[in-house]
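Please look through the structure below before reading on. The paragraphs after it are meant for someone who meets it here for the first time.

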Amino acid sequence: MTAVTTTEQPGSDELTSAFEATIAADQRIEPRDWMPDAYRATLIRQIAQHAHSEIIGMQPEGNWILRAPSLRRKAILLAKVQDEAGHGLYLYAAAETLGVDRAELTEKLITSRQKYSSIFNYPTLSYADIGVIGWLVDGAAICNQVPLCRCSYGPYARAMIRICKEESFHQRQGYELLMTMMSGTPAQRDMVQEATNRWWWPSLMMFGPPDADSPNTQRSMAWGIKRHTNDELRQRFVDMTVPQAAALGVTLPDPDLRWNDERQAHDFGEPDWSEFKAVLGGGGPCNAQRLARRRRAHQDGAWVREAAAAYAAKHGRTS
């Protein structure tokens with residue numbers, strides 16, 4: 001059931017205190033609990049962006065389903081794309097508990113009033129991209145999303161538990177594909193290296209801008225929505241990925257990448273944040289293509305939504 005949106009009211013000190021006590025005790029806020037408008041708005045923005053990313057993220061990999069090199073690889077890729085559709089469904093359902101309508105969120109996406117992850121505005125140029133997306137992109141997603149299983153908002157946290165389990169499986173699938181290709185021909189190994197070169201920096205950008213340029217991070221952390229800063233998650237991802245790259249036999253395209261014994265962590269170069277801003281602003285290689293396809297799919301599915309609504313009305317059911 002969709003929760004009723006609440007608004008701030010004079011004399012809500014007791015409600016605010018109860019909300020803050022729940023956050024301080026590391027407990028969950030549920031849909032029927034009172035919450036500040038700013039907390040609700042922050043959650044809607046984050047969950048909607050996450051849901052949109054799952055749905056748009058079906059496109060780059062879906063592009064290779066018909067061109068997969070074997071029936072086994074086709075089945076694996078098809079299952080993964082279906083999982084991503086399910087992730088979007090879970091997340092839209094979580095957003096609806098905050099009093100927003102899924103149709104409204106979709107409209108905001110296709111009219112560019114809400115964003116999705118910048119990573120999905122890059123093209124998949126070879127089949128090696130499928131493995132590298134599983135390894136790097138899903139690996140970055142796991143670093144981002146596992147802490148969300150402890151998010152202070154209950155429906156979001158519970159949705160993330162299943163999503164993270166499936167994302168972990170996707171990451172292993174991608175890595176297994178790359179291991180197979182790296183044991184193949186020189187041309188296959190070159191294909192993996194070339195794909196790694198293209199996806200490395202966009203993967204680092206997935207964590208968002210540097211902490212100094214991230215206006216929402218501190219408040220989200222204070223509310224228990226986020227558990228780590230963008231830079232902390234980016235560092236965790238680099239430290240996790242370097243030994244995996246060594247095991248694969250690929251080189252990460254960063255001349256500044258090296259182990260820092262004093263920090264017990266890797267130093268690494270700075271992503272091109274001007275590129276990040278351009279992609280978020282609609283200037284990425286595939287922004288227009290991704291949104292055009294999403295709009296077309298929404299239009300093509302109108303008759304299904306109309307039929308479902310008519311059936312529900314006839315039988316006295318609500319959506």
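Predicted model: local features only at pLDDT ≥ 70, side-chain atom pairs only at ≥ 80, totals over all residues.

Residues are numbered from 1 along each chain as its sequence is written, and side-chain values use heavy atoms, with hydrogens and water left out.

Side chains of opposite charge can pair when their charged atoms come close. Across the whole structure a search finds 13 salt bridges, a salt bridge being a side-chain nitrogen of Lys or Arg within 4 Å of a carboxyl oxygen of Asp or Glu. One of them joins Glu176 to Arg72, with the closest N and O atoms 3.8 Å apart. Glu176 belongs to helix H7 (residues 154-182) and Arg72 to helix H4 (residues 71-96), so this pair ties together parts that are 104 residues apart in sequence; helices here are DSSP runs (H or I, at least four residues), numbered from the N terminus. Glu176 is partly exposed at 31% relative accessibility, and Arg72 is partly exposed as well, with a relative accessible area of 48%. In these terms, buried means under 20% relative accessible area, exposed means over 50%, and partly exposed lies in between (1.4 Å probe, protein chains only).

Another salt bridge links Glu96 and Arg102, whose closest N and O atoms are 3.1 Å apart; Glu96 is buried, with a relative accessible area of 19%, whereas Arg102 is partly exposed at 30%. Within helix H7, Arg162 and Glu166 are four residues apart, separated by about one helical turn, and they form a salt bridge in which the closest N and O atoms are 3.2 Å apart. Glu166 is buried, with a relative accessible area of 17%.

The largest nonpolar core has 78 residues, and the members that touch the most others are Tyr39, Leu43, Ile47, Trp135, Tyr153, Tyr156 and Trp199. Such a core is a set of buried Ala, Val, Leu, Ile, Met, Phe, Trp, Tyr and Cys residues joined through side-chain atoms within 4.5 Å. Leaving aside neighbours within four places in sequence, Trp135 is in contact (heavy atoms within 4.5 Å) with residues including Gln171, Tyr175, Leu178, Thr241 and Leu252.

Helix H7 also meets helix H8 (residues 186-205): their axes come within 8 Å and cross at roughly 140°, where axes are lines fitted to C-alpha atoms, for helices over the stretch in contact, and angles run from 0 to 180 degrees between N-to-C directions. That makes H7 oblique to H8, since angles under 35 degrees count as roughly parallel, over 145 as roughly antiparallel, 65 to 115 as roughly perpendicular and the rest as oblique. Leu178, Met181 and Met182 of H7 make the contact with Gln188, Arg189, Met191 and Val192 of H8.

Gln145 lies in helix H6 (residues 128-145) and is buried, with a relative accessible area of 8%. Its side chain makes a polar contact with the side chain of His50 (3.2 Å); a polar contact is a pair of N or O atoms within 3.5 Å, where, within protein, one must be able to donate a hydrogen and the other to accept it, and residues adjacent in sequence count only if both atoms are side-chain atoms.

Finally, Trp273 lies in helix H11 (residues 273-283) and is buried at 14% relative accessible area. A polar contact of 2.8 Å joins the side chains of Trp273 and Glu270.

Definitions and conventions: Helix = DSSP H or I, 4+ residues; strand = E, 2+ residues; numbered from the N terminus.
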